[in-house]
Amino acid sequence: MNWLDEFKSPSARCRIKPFWFWNGDMAEGEMKHQIKEMADKGLGGAFICARQGQKVPYLSEEWFEKVRFAADQAAGCGMEAWLYDEYPYPSGMSGGEVLLKHPEAEHMVLNHRSLDLPAGGEFEMNLGWCEILYAKAFPLREEKIDFDSPMDLEALAGNLQTEEIYQTTGLTNYNNKRFFTYRPERILRGELPAGKWHVEVYTQSPLGEFKYYGSFFDPCSKEAVRTFLETTHEKYKKCMGDDFNRSILGMFSDEVGLLSPIPWSKRLPEYFKRLKGYDLLNHLPALHNGSYKNAYAIRYDLYDAIHKLFVESYHEQVSDWCREQKLEYATEVPSM
């Protein structure tokens, strides 16, 4: 059998399922033509995939009408129809709607700053706008950090609006300009006794601008993931009716992951303590300094805990929902 015959074989047709990027308004005639072309070329199925450039509002009645039409056309051509669960990507946002309902589930990033003071004295660190998780100074003894003798620095931190502007306000008849400041940032400023010191600071802050949504949600938030299922998957189920698991073979979830350099969630510390029996926030320097006692065990515990939390919160909920609907669940999982 040559490669073309193998490509056209029934087993190959079942394996090959391209992403069908759905752009523009996708008139029914064009959808019918494209599906027929894929079937004629031996493709076994396609994912119906919302993408940038489309003109049909995502998750609207018009959107679902086109999904139903595409699924019917695929079935008529002997092809499988699969659903892609997001617009555009990564999955989990329902096109951005999830964060509207769960602003508390904004994706957080773990930040690390350190500072060496060879003679003590005054210091200042601009930490940006963040929540301080850990801020301590340690004496250096024979060029080694004495982690057993910390000095807590968190009380030295405060907020400053660091950007100065003049703004036209019309506050008075004789002067319509006023001095303003904005852009608050966390400032850690203080003075350490004479001697050699090492400062360790850990903060968490919102991810901020990311791809298509302006931010991203925390996939370790079980509540936010439930809302994702309610605002996307349940709507597909309702729109397809009793034919859902006959006209749709499965759903694909794309690139959901943890985007902090060290995987992080503000839900992690509490979960970690329940799972591992100690407080991760008391041992954060272990994440960047191998000389910290049991540093590598603590790092292992962090990755183990965040993996379990992520899987329980996101993949188990989504895959369980698909299983209940008798749908296959496919996903692309970024490495951590």
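This is a predicted model: local features need pLDDT of at least 70, side-chain atom pairs count only at pLDDT 80 or more; totals for chains, interfaces and linings use all residues.
Visitor: Where do I start? What does the secondary structure come to?

Guide: Start with the inventory. In this protein it comes to nine helices and 13 strands. Buried residues make up 47% of the 336 residues.

Visitor: And what share of the contacts joins residues 24 or more positions apart?

Guide: For that, look at contacts with a separation of 6 or more; residues 24 or more positions apart account for 77% of them.

Visitor: Which residues of α3 are buried?

Guide: Those are Met31, Ile35, Met38 and Ala39. Now look down the axis of α3: the buried residues fall within an arc of 100°, so they line one face of the helix.

Visitor: What follows α3?

Guide: Glycine 42 does, and its phi is positive, near 90°.

Visitor: Now two helices together. At what angle do α8 and α9 pack?

Guide: Picture each helix as a line. Helix α8 (residues 268–276) and helix α9 (residues 295–324) pack at about 110°, with their axes 10 Å apart. Angles of 65 to 115 degrees count as roughly perpendicular, so that's the word for α8 and α9.

Visitor: Which residues make the contact?

Guide: On the α8 side, they include Leu268, Tyr271 and Phe272, while Leu302, Ala305 and Ile306 are among those from α9. Sorted by class, this contact of α8 with α9 has eight nonpolar, no polar and five charged residues.

Visitor: How about single residues? Is serine 221 buried or exposed?

Guide: You judge that by relative accessible area, and buried means under 20%. Serine 221 has 1%, so it is buried. You'll find serine 221 in the loop between β11 (197–206) and α6 (222–240).

Visitor: What is serine 221 in contact with, leaving aside neighbours within four places in sequence?

Guide: Serine 221 is in contact with Ala105, Arg267 and Ser313.

Visitor: And how does glutamate 65 count?

Guide: Glutamate 65 is in helix α4, residues 61–76. Its relative accessibility is 43%, so glutamate 65 counts as partly exposed.

Visitor: How far is the C-alpha of glutamate 65 from that of methionine 240?

Guide: Check the chain and the space separately. Glutamate 65 and methionine 240 are 175 residues apart along the chain, but their C-alpha atoms are separated by 9.2 Å.

Definitions and conventions:
Residues are numbered from 1 along each chain as its sequence is written. Side-chain values use heavy atoms; hydrogens and water are left out. Helices (H or I, at least four residues) and strands (E, at least two) are DSSP runs, numbered from the N terminus. Buried means under 20% relative accessible area, exposed over 50%, partly exposed in between (1.4 Å probe, protein chains only). Contact means heavy atoms within 4.5 Å. Axes are lines fitted to C-alpha atoms, for helices over the stretch in contact, and angles run from 0 to 180 degrees between N-to-C directions. Angles under 35 degrees count as roughly parallel, over 145 as roughly antiparallel, 65 to 115 as roughly perpendicular and the rest as oblique. Ala, Val, Leu, Ile, Met, Phe, Trp, Tyr, Cys and Pro count as nonpolar, Asp, Glu, Lys and Arg as charged, and the others, Gly among them, as polar. The arc is that of the directions from the helix axis to the C-beta atoms.
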